[in-house]
Amino acid sequence: RTFDRNSNPMRLAIPDLVSNSYFPAAAAGALGFYAQEGLDLTVELISPIDACVKALRDGRVEFIGASAHAPLLAFEQWRGAKLLCAQSQGMYWFLVMRSDLAIARGDLETLKGRRIAAVPFVAVALERLLIAAGIDPKREGITIGPPPGALGPGVNFGVVAAAALERKEIDGFFANGMGAALAEARGIGTIVLDVRRGDGPPECFHYTMPAIATTDALIARDPAAAEGVIRAIGKTHAALKRDPSLAAEAGRKLFPSTEAALIARLVARDAPYYDQRISPQQIAAINRFACDLGWLQSTDIGYEQIVAQQFAGLWNG
């Protein structure tokens, strides 16, 4: 395959590296699948998420691996951005509460008056989830926001939140699976809400998903590169489903030792959701969520304006 580009390597940015959230995008590099597709592509961390999306808009990176609705942070009304494929299905953040509070799985009523840590981008999703469950966070005195030191460039929020939970500075956090795994491993936190596995209102599953996005300009200039990234993610899914221990191999190249030791278990748990497809129904749900957040003016934006559907035949190999 011949690519129309200069000799400079391409870049794919993710807003959270030490996590399972965007692990397929990172692991595709660590396991050599981008190279197999003829791509000279590096994966880099750019956080927080709005900086990651702006890097795509400004041409400093060619791709991002982030939440499906994240492009709206820099591409107004989706103009100029396209989703290439999903990294996995469903809203992928976990609500973890301190173990000593003894809150039962799915018991959202006991969150009243609690302090829950979340970065702003994720906090609004928790707020909408609680409202969908009939709980008004403001009326019920539920404080949702970041703990001190959690918003610096390159900071892994889940790891910082788990440490804050251990110090009892917060009652819980809503964050990535790595933060949840660290809290469980240390015995300091328990998962109260896992939307992917049926906790909370069913419609919240489709609020967002991890996805790969690029620009209309990149697709016009270099469609083969877009195809290569999609194929690489598909190969990564297949390899990790076939042999979850490959996650540990990739994790040792990407993560500190503690997190690397946890990633294989997290990937084995995520593997049933490794599916690249993005359906019109999912996009409709994401648009409704974005409208509820005030990030989108109308839900009438068509599927073909958001998803690069010309590549749909590549999904899942």
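Predicted model: local features only at pLDDT ≥ 70, side-chain atom pairs only at ≥ 80, totals over all residues.
Student: Which residues line the largest cavity?

Tutor: Its lining is made up of Asn20, Ser21, Ser88, Tyr92, Phe94, Arg196 and Asp270.

Student: And how does that lining divide into nonpolar, polar and charged?

Tutor: Two of the lining residues are nonpolar, three are polar and two are charged.

Student: Okay, helices now. At what angle do α5 and α6 pack?

Tutor: Helix α5, residues 157-166, packs on helix α6, residues 177-185, at an angle of about 30°. The axes of these two helices are 7 Å apart.

Student: Why would you call them roughly parallel?

Tutor: Angles under 35 degrees count as roughly parallel, and α5 and α6 pack at about 30°, so these two helices are roughly parallel to each other. Their crossing is right-handed.

Student: Which residues meet there?

Tutor: From α5 you have Gly158, Val159, Ala162 and Leu165, and they meet Gly179, Leu182 and Ala183 of α6. By class, this contact of α5 with α6 has five nonpolar residues, two polar and no charged ones.

Student: Nice. What about α4 and α11, how do those pack?

Tutor: Helix α4 covers residues 120-132 and helix α11 covers residues 280-293; they pack at an angle of about 100°, with axes 11 Å apart. That angle makes α4 roughly perpendicular to α11.

Student: What meets what in that pair?

Tutor: On the α4 side there are Val124, Ala125 and Arg128, and on the α11 side Phe289, Asp292 and Leu293. The contact of α4 with α11 has four nonpolar residues, no polar ones and two charged ones.

Student: One more pair: how far apart are the axes of α9 and α10?

Tutor: The axes of α9 (residues 245-254) and α10 (residues 257-270) are 8 Å apart, and the helices pack at an angle of about 145°. The crossing of α9 with α10 is right-handed.

Student: Which residues of α9 and α10 meet?

Tutor: Ala247, Ala248, Gly251 and Arg252 of α9 meet Ala260, Ile263, Ala264 and Val267 of α10. This contact divides into six nonpolar residues, one polar and one charged.

Student: Switching to the backbone: is the peptide bond from serine 47 to proline 48 cis or trans?

Tutor: That bond is cis, with omega near 0°. You'll find proline 48 in the loop between β2 (41-45) and α3 (49-57).

Student: And what is phi of glutamine 77?

Tutor: Phi of glutamine 77 is near 55°, a positive value in a residue other than glycine.

Student: Where is glutamine 77 found?

Tutor: Look in the loop between β3 (63-67) and β4 (81-86); glutamine 77 is there.

Note on methods
Residues numbered from 1 in each chain as written. Heavy atoms only, no water. 1 Å grid on protein atoms, 1.4 Å probe; cavity = no way out; pocket = protein on both sides within 12 Å on 5 of 7 lines; lining within 4 Å. Nonpolar A, V, L, I, M, F, W, Y, C, P; charged D, E, K, R; others polar. Axes fitted to C-alpha atoms, helices over the stretch in contact; angles between N-to-C directions. Helix = DSSP H or I, 4+ residues; strand = E, 2+ residues; numbered from the N terminus. Parallel < 35°, antiparallel > 145°, perpendicular 65-115°, else oblique. Left-handed = near helix turned anticlockwise from the far one by under 90°. Contact = heavy atoms within 4.5 Å.
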